[in-house]
Amino acid sequence: MWRGLWTLVARAARGPRSPRPCTRQGSGAPAPGSGATVFALSSGQGRCGIAVIRTSGPASGQALRSLTAPRDLPPARKACLRLLSDPRSGEPLDRALVLWFPGPQSFTGEDCAEFHVHGGPAVVSGVLQALGSVPGLRPAEAGEFTRRAFAHGKLSLTEVEGLADLIHAETEAQRRQALRQLDGELSHLCRGWAETLTKALAHVEAYIDFGEDDNLEEGVLDRADSEVRELEVALGAHLRDARRGQRLRSGAHVVVAGPPNAGKSSLVNLLSRKPVSIVSPEPGTTRDVLETPVDLAGFPALLSDTAGLREGVGPVEQEGVRRAQKRLEQADLILAVLDASDLASPSSCNFLDTVVIPAGAGSPNGRSQRLLLVLNKSDLLPAGGPDPSADLPPYLLLSCLTGEGLDGLLEALRKELAALCGDPSTGPPLLTRARHQHHLQGCLDALGHYKQAKDLALAAEALRVARGHLTRITGGGGTEEILDIIFQDFCVGK
Amino acid sequence: MFSFRGCGRWVAASLTKQHHPSSRFSGDSAAPWTPHFDVVVIGGGHAGTEAAAAAARCGSRTLLLTHRVDTIGQMSCNPSFGGIGKGHLMREVDALDGLCSRICDQSGVHYKVLNRRKGPAVWGLRAQIDRKLYKQNMQKEILNTPLLTVQEGAVEDLILTEPEPEHTGKYRVSGVVLVDGSTVYAESVVLTTGTFLRGMIVIGLEMHPAGRLGDQPSIGLAQTLEKLGFVVGRLKTGTPPRIAKESINFSILNKQTPDNPSIPFSFINETVWIKPEDQLPCYLTHTNPQVDEIVLENLHLNCHVKETTKGPRYCPSIESKVLRFPNRLHQVWLEPEGLDSDLIYPQGLSVTLPAELQEKMITCIRGLEKAKMIQPGYGVQYDYLDPRQITPSLETHLVQRLFFAGQINGTTGYEEAAAQGVIAGINASLRVRHKPPFVISRTEGYIGVLIDDLTTLGTNEPYRMFTSRAEFRLSLRPDNADSRLTFRGYKEAGCVSQQRYERAIWMKSSLEEGISVLKSIEFPSSKWKNLIPEASISIGKSLPLRALDVLKYEEVDIELLAKAVPEPLRKYTKCRELAERLKIEASIGIAMAFLLQRFQLLGLTWWRSG
């Protein structure tokens, strides 16, 4: 059992051996995973104007010809109008645009065909059934097109993830980030690091395998050391940015907090443009944490409404207060709401002292928390504004009732969120997944072990661990790559 | 004694107890004298000898067919065994009770462990070997192996029958046809033909067919294999000229002395046959710009270098070194060929220039100014079979019960050949007895790495072992090959002798006992510091330290510990190997942490569906 497991792992360890086509000379074996041709409805389910059906694989041309018989294949990558008919019965199915993408210049790298048919369910299922009847075709499994694209080197692993995100991008900023990742920017960066690391590792390996017998030039290890140092600096800098990409992908946590009856729920409803929370003039209406995903000025956010913070209430509300406080600790951004007309009350003062002021001073655990102070119910204020004796930090005035001040709030939110999530159209590519961050941190830790290693075999192992982490992001990472560098850089052998 | 039609010459398996092949009659077309063996091994090189001996150890009646009995165990290239990665393979061959490590312990003239300072996982056991002694000792071993018969003869063709339906494969091999037309029937056949498949020797512009200098190539067999549908490729390799010892001026060269004490290759040997002071030194010299000049001026006279056949990147000829890395001084090791040999092997000077230019080139090298060339260097081009056509047990996919081992699979090196030979021999024998194949995984040994790389990736240059090929290098150490393989070899393959099995059990239990004793001894660190002042033990906080933790310090070994705490540690200094392995096991913690991390890394779903 143990042995079996190790074998499995060892196979995976050697990098993208099975999913990638063998590029070695004289390879007679076909690329694993190819062979079958798959088809699927690529646009969304349900009634729609146009539905797109795609095929990928060696029989794509045959499929296209069968459905458009007696016409021949259209010119490559040119949209053509064709009558589709069932190859078995000859029954006409639809008049549709068809496209022919001969491999490798296609999305998956294989021969691909696209049928842009009318979106009625009868047409779609008719075409799908017709395709199913063509020999060598089968329905695609979930993600199979992307997987094939990956297998043919059309996409790297981060690009695959970028594509998945693009399909699910709900906000503008997410879409821009997904597009950038799809462009391979993160992948490019990681690949650059992986190359540096592979080179450093190759030099250490060369020193182990050939240092004794062959004349490697001087300073091979020194060069590896300095490459590792540079990499440490680059990774460290990037990791400091790390949470931003993740926030952008899954949404920043924005927590609305304040004393009871300040109008927190009204603000939540206003920002989410729907009645998420029950609003009443009675203090303590919201007793639990209510979450709603919203698009705030183009950024994804998870908006939490919390119970008003006060003491000496019943057990249910107390639990609500406890949850509210916990949520506050996890918040990326706090929207602190106070009743502008009630700033002198004990609950307002208490809130200012315990939440607003400490956040401005930076929290004791070192994590700086962003906070926007909103004074609600500005409609109740006299013309001179809030009581000047309250000695407030910077604030925004808002009336949830009239909507006055909302534009100012949204602009302030946009600035805060842009800082939190990073502006996806500028700056270095962001780490959009916890996975990326985890592996970069793992890589950095392993580089630390490299420097402390007792012997060279252990040092090399640390680099192997580091490289393993990086290649979990980009794919690749077989041992042959190391040997290629060794033989390219050194004259070794007896 | 058996007699054959034609040229076959039988050599007795053992002069005292002879093992006659049983003469079963098979099929109506077979002559009544047609012999029948369980396993027939073709080729008497490093793969062939190991395969034949392993099959016989497993209990199969085995025949070794070779062109010439007197070339069995011939080291046709370098006069050395082992090295980094290769030494690992030898330890594993030995753990399966293979021959080459034991023979090397009886035939070496210069033993040295490479990479001593780089960690026990990458130590490279290596030795210069006396060619004559190696051959003698190997022939003695082979000719005295029970159940093993040796016959001279060249194989021309394979006898094929219908495949067994429960296995894959288009045919099944059931014997071989010799050049003289005689046949031998076999349940399994192992092909270890080395460079003999359509072998061509190249010196300058001259090319002539030969498997090795002075030996005929196998052409018929190559044609048979191709006709069956095997994918054939072509590789090249080379060997340097040989130089007369007395014509070299060693006095001006760097001398390399052997280790003292010598570390044996085999787990069952405490020492090697020869004392360090009686061993021979090696010498180091370098090429110079004049050598580059001769090579570059005469490329037109060198068809071996020009051709497209793939040669190894790591055992390159001097021509390819000069072409790829010009204006450098390349190392040339001058290695003895044996105790009473007059020849020196210039390692690093593999060359295929015309002979007179080789001599000219040699004499521009420092120390070789008056050197006399006895035999020119030459290149060999030969067929190999794409190893993706064989299974991890080394049986071919196409022909059932046909096994390939050694250079025929695209490898280079004695040790790589020996490793495959053992596995092919074991599996040829297991196949006859309808037992499951014996496969070593990548995580269990370099043999597993070697065979897995070959059978899944193939190769387009002669494949050589390096430690960097092993993902789990930290656990595949030369010192623990027995604990990885001997027990499996004994239980699953039956290729391990009782004596070796018991030795491995003793070692295992001694190690376990030693570790627990080392754990049980615990003193404050200040006391340890007093006991072993050599160790850099920090006494800032006087924490309790176990002897096992103290042994982790680089400066500390069992010897030092036993001086500090004679009872109960003294007994662990008695066996050098045990003492060394305890030291390695004590320092293994960090290595295991790394391995675990890699394991977890790989255990992750590395594939996210898009």
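Student: With which residue does Arg477(B) form a salt bridge?

Tutor: In this predicted model, a salt bridge needs a side-chain nitrogen of Lys or Arg within 4 Å of a carboxyl oxygen of Asp or Glu. For Arg477(B), the closest N and O atoms of the pair are 3.3 Å apart. The partner of Arg477(B) is Glu585(B).

Student: How many salt bridges are counted between domain 1 of chain B and domain 3 of chain B?

Tutor: The domain assignment of chain B gives domain 1 as 37-236 + 381-492 and domain 3 as 498-602. Across the interface of these two domains, six residue pairs are found in polar contact. The count of salt bridges between domain 1 of chain B and domain 3 of chain B is five.

Student: Which helix gives the most to the side of domain 1 of chain B that touches domain 3 of chain B?

Tutor: Two helices of chain B, H2 (86-95) and H12 (481-493), each supply at least two residues of that side of domain 1. The greatest contribution is six residues, and it comes from H12(B).

Student: How many charged residues does the side of domain 1 of chain B that touches domain 3 of chain B have?

Tutor: In the contact between the domains, 20 residues of domain 1 of chain B meet 17 residues of domain 3 of chain B. By class, the domain 1 side has seven nonpolar and four polar residues, and its charged residues come to nine.

Student: What area is buried between domain 1 of chain B and domain 3 of chain B?

Tutor: The C-alpha centres of the two domains lie 38 Å apart. Carbon and sulfur atoms give 62% of the area buried between domain 1 of chain B and domain 3 of chain B. That buried area is about 1600 Å².

Student: Turning to chain A, is Asp339(A) buried or exposed?

Tutor: Asp339(A) is found in strand E10 of chain A, residues 333-339. Its relative accessible area is 11%. A residue counts as buried under 20%, so Asp339(A) is buried.

Student: Which side chain makes a polar contact of 3.2 Å with the side chain of Asp339(A)?

Tutor: One polar contact, of 2.7 Å, joins the side chains of Asp339(A) and Ser341(A). Leaving aside neighbours within four places in sequence, Asp339(A) is in contact with residues including Asn261(A), Ala262(A) and Asn376(A). The side chain at 3.2 Å is that of Lys377(A).

Student: What percentage of the residues of chain A count as buried?

Tutor: The secondary structure of chain A comes to 16 helices and twelve strands. Among its contacts between residues at least 6 apart in sequence, 65% join residues at least 24 apart. Of the 494 residues of chain A, the buried share is 52%.

Terms used: Residues are numbered from 1 along each chain as its sequence is written. Chains are lettered from A and ligands numbered from 1 in the order in which they are written. This is a predicted model: local features need pLDDT of at least 70, side-chain atom pairs count only at pLDDT 80 or more; totals for chains, interfaces and linings use all residues. Side-chain values use heavy atoms; hydrogens and water are left out. Domain bounds come from an automatic or database domain assignment. Contact means heavy atoms within 4.5 Å. Buried area is the accessible area (1.4 Å probe) that two parts lose on being put together, summed over both. A polar contact is a pair of N or O atoms within 3.5 Å; within protein, one must be able to donate a hydrogen and the other to accept it, and residues adjacent in sequence count only if both atoms are side-chain atoms. Helices (H or I, at least four residues) and strands (E, at least two) are DSSP runs, numbered from the N terminus. Ala, Val, Leu, Ile, Met, Phe, Trp, Tyr, Cys and Pro count as nonpolar, Asp, Glu, Lys and Arg as charged, and the others, Gly among them, as polar. Buried means under 20% relative accessible area, exposed over 50%, partly exposed in between (1.4 Å probe, protein chains only).
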